[in-house]
Each structure stands twice: as C-alpha cells, then as structure tokens.
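Q: I would like to learn how to read a few features of a model. Please take them one at a time.

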Amino acid sequence: MNNVFSEIEQLISKALVDLNIDSTDKYIIERPADSSNGDFASNVAMKLFPHAKAFAKSPKDFAEKIVDSISKNLNSKNIDKVQVAGPGFINFYLSKTYFIENMYAVRSLNGLNLGKKKISLEHTQINPNKEPHIGHLRNACIGDSLAKILRFVGNDVTVQYYQNDVGQQIASIVLAYKKQYVAFGKISLEDCEEVLTWASKAYVDIEKRIESDLDLKSEKDQIQQNIVRQNSEDSRLAISITDAILKATLMLFGGMSIEYDLVVKESDILKNQLWQITFDLLKQKPEFYMSDDGERSGCWLVKMSKDEDKVIVRSNGIPTYTGNDIAYHLWKFGVIKDFRYEVLDWGTQGKQLFTTNTNSGELYPNRFNKADSIVNIIDTTQTYPQESVKEALKVLGYSKFAVNYHHVNYGFVFLKDSLGDNAVVKMSGRKGTVVTVSSFIKMLKVSMQNQFGDFSAIDEVVFGAIKFELLKYDTYQDITFDISSALDQKGFSGPYIQYTYARAQSLIEKSVKVRQASVTNSLDEALALTPEEFDLLKLIAKLEDVVSRSAFELAPHYICKYLFELSKSFNTFYNSSKIIGSDNEEFRIGLTVSTTSALKTCLDLVGIGAPHSLK
RNA sequence: GCAUCCGUAGCUCAACUGGAUAGAGCGUUGGUCUUCGGAACCAAAGGUUAAAGGUUCAAAUCCUUUCGGGUGCACCA
C-alpha cells in the first residue's frame with residue numbers, strides 16, 4: 001500500500017525548508033475525528049508559529065503560507081486538496097483513487113513491517129491454587145491479543161506462562177492435601193479439572209485454619225522448606241498437584257484458542273541455579289545489602305529509589321518471588337545461562353508447547369531467551385514488585401534492559417450484578433464474589449441458546465463475546481463487569497461484529513459477480529460513490545493506522561473500537577443500498593469483500609473467530 | 001499517615017497523549033423493513049468533563065488546592 005502519511009510528512013517539511021523555518025519543535029499529523037476536516041490534518045502552523053512571527057501575523061496566516069508552498073509542489077494522485085481551517089489547521093483531503101486502490105490492497109495485507117524485535121511476552125501466570133476467574137481471563141486475553149498484534153507488525157514473539165510452583169500458596173495446598181480437611185476423596189491426581197475444583201475449596205479452608213493454628217503454620221513452613229530444597233516427598237507432591245492445576249488451566253484457555261509457547265517453572269529457576277547466579281551478581285553491588293537490625297534483620301534487600309526497599313531474600317535464606325523474578329528476567333534478556341526444555345505434550349492446545357526441565361531436558365540455544373524487549377501483562381497491584389525487578393536490573397548495570405521492560409499494567413475487574421442489588425464488588429474467593437471463567441461460559445451459552453437456539457458456531461460466538469467484553473476497554477482502567485448486560489450481547493460487542501461478518505459472507509456467497517477484479521479495470525474514476533460507500537471506504541483505509549497504534553501503545557482496545565466502527569459502517573451501507581442485483585453490484589460486492597478482509601484481520605488480532613454463518 | 005492512580009451523559013466506557021462542535025454502547029422515547037441474515041438500520045432527549053484557580057493561540061488532558069473513590073506501602077505472590 002502506498003504510504004500517503006510519509007508523503008504528507010515530506011510535503012510539510014519541504015514547505016518549512018522553503019519558508020526558512022528551522023525548528024525541531026514537535027508537530028503532529030493526525031486523522032481528524034470529523035472527516036469533514038480532511039483525511040489528515042496537521043497542527044504544524046500552530047506549533048511553529050513562534051518561529052514565524054517575522055512574516056506571519058497569526059497561526060492561521062502562517063498556515064496559509066505553508067499551504068501556498070505545498071501547493072506549488074503538489075503533484076500527487078493521492079492528495080486532492082489542501083486547506084487551512086479553524087485556528088490554523090492544515091487539512092489534507094485524499095483522492096478517490098487512493099481509497100479505491102487501498103480497498104484492493106487491504107485484501108492481501110498479512111502483516112506490517114514496523115518492528116523486528118525479539119519479544120518475550122509473559123501473561124496469565126495464575127497461582128496454581130484457584131479456578132481462573134474473569135479477571136485472570138482479562139489478563140490472558142490482553143496478553144494473547146498483544147502477542148498477535150506484535151507478531152503482525154513484524155516482531156518475533158515468545159509467549160510465556162510463568163508457573164509459580166514453589167511459593168507459600170503451594171505449601172498451603174500440599175498441607176491441605178496431607179490433612180484432608182476438605183476431602184480429596186476418590187479423585188486421582190490425573191483428573192486435573194477435579195483437582196482444580198478441590199484446590200479452590202481446600203486452599204481457602206486451609207488458609208483460615210493456619211491463621212489461628214500455630215502448629216499448622218510451622219508445618220506449612222517446613223513443607224515450604226522441603227519444596228524449595230527439592231527431592232522430598234513434599235516437593236514431588238507439590239509438582240503433581242501444581243501440574244494438574246496447570247494442565248486444567250491450560251486446557252481451559254486452550255479451549256478458547258489462547259495458546260503459549262513456553263511454561264517456565266519457578267522450581268526450575270532454583271534447580272538450574274539461576275537464583276544462585278543472580279544472588280552472586282547482586283551481592284557485588286552496594287545497592288544490595290543484608291539488613292542487620294530491625295524487623296528485617298537477616299534479609300537481603302535492594303534499594304529502591306522512590307519506594308521502600310524491597311526484600312529479595314528472606315531471613316531463612318529462601319528468595320522471595322521477586323528474587324526469582326529477577327533471575328527470570330536476567331534469563332529472558334540472555335544475561336545468565338539458559339534452561340533445558342522438553343515438549344509439554346498434554347494436548348491442551350494446537351501449537352507445540354514447551355516447558356523448562358532442568359534434569360532431563362534438551363538445549364535449544366537462543367530459542368526462548370535473549371529477548372530485545374519484554375512485555376509483561378501483570379495487574380496493577382503488582383506495580384511495586386515489578387518496579388523492584390526493574391530497579392534490580394538497573395543496579396546490576398542493565399539500565400538498557402530496564403528501559404525495554406514493559407509492564408502492561410491492567411486494572412481490576414469488579415463485578416456488578418444488576419439482577420441483584422446493583423452493588424459493585426471486588427472479586428474475592430473467600431466472600432464467594434467470584435465469576436469463574438467456566439461458569440461464565442456456561443451462563444452465556446445458555447443465554448444465547450435461549451435467544452437464538454443452537455447453531456454450530458455457538459462456542460465461537462460465546463468466546464468471542466467474552467473476549468471482546470474484556471478487551472474493549474483501555475487495559476489500564478479498572479472495569480466493572482455487569483453480568484446481566486454481558487449476557488445481553490448487542491451493540492458494541494463481539495456478536496455484533498461476528499454477525500456483521502457472517503451477513504457479509506452470506507452476501508458474497510449469493511452474488512454472481514464475485515470476481516477478483518484487478519485494480520486497474522475496476523478503478524472507475526467516474527463511479528459515483530454514495531456517502532455510505534465512501535464512509536466505509538475511508539474506514540477501511542484506517543486499518544494500518546489502528547493496528548500500528550495498538551502495537552505502539554500495547555493497547556488492543558483500539559482494534560475493538562475499529563472493528564465496531566467498521567461493522568456499523570458496513571451495516572449502514574447494507575441498509576442504505578441494494579447490493580445484489582443492483583447496477584453497481586460488482587463494486588458493492590468488492591467493497592463487501594474488502595470489509596470482510598479488514599474484519600477478519602482485526603478479529604484475528606484480538607483472538608476472536610470469524611464464522612461464516614451464525615445460523 | 002506516605003505513595004500512586006482515578007473521578008467524563010441515568011449506567012458501562014471512548015476521546016489519536018495539548019487540538020476543531022467531548023463521542024459510543026446500554027437504557028428511555030419515536031421511527032425504518034416487497035433489501036440480499038431484525039443479533040439490523042435511522043432519529044431525538046441526555047454534559048458547567050467532581051469543584052475552584054493557573055499555564056497558552058488552544059485544557060477532559062499539564063500545574064496548584066479542595067472534595068470523593070481505588071490500589072500499594074508483607075520475609076504474600
């Protein structure tokens with residue numbers, strides 16, 4: 001596709017040179033919200049006016065002079081006209097030729113060339129002691145979508161799931177298993193889904209008991225020591241239980257087409273001595289110190305520039321989660337030695353999945369580590385520990401890496417049930433205010449069956465609805481999940497877009513004039529476009545901008561918004577004109593084909609299916 | 001208490017990082033369909049962007065203060 005953006009950029013900078021304006025002040029070229037203000041606009045005259053006071057009375061006057069200069073050089077098939085408007089904006093109007101060429105180009109668009117980085121992207125990382133709820137799913141959806149977006153724009157992305165299998169919660173679960181307060185019953189450790197259900201209950205139960213029972217507490221501490229030291233009955237039990245829970249979790253997400261490349265186990269960071277190496281490196285730095293008095297006596301801490309110093313090693317010698325996380329990130333950047341790996345052949349996903357295995361795995365040099373850039377999808381409550389990992393990287397002299405460490409800081413999912421009391425609550429396992437992923441899938445499916453009956457693509461629509469719901473907001477914001485409105489999917493929603501897509505596909509199948517017409521013989525300059533057709537054409541031309549913005553800002557919601565606008569615009573067009581059997585059938589079907597291409601591309605990027613029929 | 005984020009229509013959220021008349025969905029009210037998928041389309045009502053000041057050609061966005069909320073300040077993860 002021709003790049004009209006850089007063409008405009010050059011026209012402006014040439015005009016500035018002609019006018020002898022020498023300035024590095026930043027001005028922007030943007031797409032105005034209201035297309036009557038042009039297809040592109042620049043605020044250059046307003047931004048650089050201070051440098052032009054010698055010959056221009058006002059920003060607007062300056063803009064006129066820039067436009068005069070541009071017009072002298074203007075000889076482009078893409079740009080129709082350039083105008084000054086408002087307080088001094090320069091508006092560029094693109095030609096019909098440009099839009100129609102673009103309409104054909106979009107069909108073969110299968111990637112952009114915006115980055116060639118090796119990116120390590122980590123998401124989901126649920127502690128293996130609970131059933132995933134929709135807050136966790138928000139994490140997974142954001143991560144999955146960002147991985148797809150970053151790949152689409154040209155990067156090499158490895159998606160990692162970090163499995164915390166040595167923490168205190170694991171010790172609690174092992175203790176719960178041994179004590180059997182919540183009976184494990186006849187479940188086998190092979191029945192991963194049942195193990196998960198049991199663990200959710202048993203964990204809450206055992207934590208309550210530990211609070212008021214010092215003997216249990218010390219028993220748990222002993223178990224944790226055993227787990228960390230490895231090769232004990234407790235550590236084997238911990239692995240069996242956490243593996244079962246991990247498998248159940250991966251099955252759930254795999255069923256929704258959320259897939260990973262690698263599971264990194266925290267226990268392997270210990271086994272592989274990565275922690276020991278990291279510890280030795282840290283000890284050489286003055287910002288890393290052992291406290292010898294006060295409450296934190298015997299702990300190793302890292303100095304934080306803006307916050308309280310962070311404990312990295314407990315007084316009992318066991319590293320904290322953050323400690324292992326530092327080691328993990330040094331590994332990601334390729335600073336310390338690599339793991340060994342094996343294929344994790346659990347059948348939880350279509351794509352091949354690997355896991356770390358220190359004892360019997362194989363080496364895959366440079367396959368999973370040595371990232372240029374790191375993207376971690378971690379909720380906003382973890383900002384402090386994330387900052388301490390960054391701080392440790394700086395302390396170790398890797399400021400360069402700290403800069404390439406992106407924490408996608410996503411907000412809470414609160415719950416509101418307008419069928420109930422309308423109160424907004426935080427999800428909490430103990431209070432029973434949790435909507436698990438599997439229960440919500442079931443609720444939504446029943447609701448759809450009641451409205452539309454059964455149809456073959458129903459699962460794709462259910463998953464699409466949930467994913468869209470979780471991706472359509474800015475990741476940074478806390479969101480309120482309203483159960484009843486989430487069950488009633490219309491408007492700005494996944495099903496609306498999938499419905500539009502299916503409707504368009506049905507048109508294409510019915511039309512007898514679906515020819516893959518070449519650009520030249522269909523480029524009909526004289527063709528009178530209806531306003532609805534022209535709006536849709538213009539929207540299709542925004543695809544690349546939207547995707548690159550999403551990649552740049554690590555924000556999938558722009559794609560959701562675009563999908564909705566595209567669908568709405570298509571539906572408006574569909575309602576305004578007859579397509580099949582009209583005089584313009586060939587062009588209109590061509591426009592429909594291009595719309596489905598753009599929709600499909602974007603649906604792929606947010607991990608939502610595009611079924612051809614919802615009947 | 002300290003730190004940090006947030007406060008936009010009845011509700012849930014946008015607003016291209018300082019740009020043009022602050023936009024959508026839901027809900028409400030009223031319309032459209034011999035047109036191909038009504039899970040649709042069109043329209044109306046709904047706003048002092050929490051409040052007050054400041055910065056400049058321009059503020060929901062930046063600064064200050066006040067009010068109201070979330071989160072963090074564990075040898076948890």
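Q: Leaving aside its neighbours within four places in sequence, which residues is Arg 314 in contact with?

A: Two residues are in contact if their C-beta atoms, placed from the backbone, lie within 7 Å. For Arg 314, with neighbours within four places in sequence left aside, these are Cys 299 and Thr 320. This is a predicted model: local features need pLDDT of at least 70, side-chain atom pairs count only at pLDDT 80 or more, and totals for chains, interfaces and linings use all residues. Residues are numbered from 1 along each chain as its sequence is written, while chains are lettered from A and ligands numbered from 1 in the order in which they are written.

Q: Does Arg 314 count as buried, exposed or partly exposed, and why?

A: A residue is buried if 20 or more other C-beta atoms lie within 10 Å of its own, exposed if 12 or fewer, and partly exposed in between. Arg 314 counts as partly exposed because it has 14 C-beta neighbours inside 10 Å.

Q: Which residues come nearest to RNA strand B?

A: A residue is near a strand if its C-beta atom, placed from the backbone, lies within 6 Å of it. Of the 78 residues around RNA strand B, the nearest are Ala 41, Gly 167, Arg 314, Asp 474 and Gly 491.

Q: Which strands does β5 pair with in the parallel sense?

A: Strands (E, at least two residues) are DSSP runs, numbered from the N terminus, and two of them pair if DSSP finds at least two bridges between them. β5 (residues 118-122) pairs with β6 (residues 156-163) over five bridges and with β13 (residues 373-379) over four. Leu 121 stands opposite Val 159 in β6.
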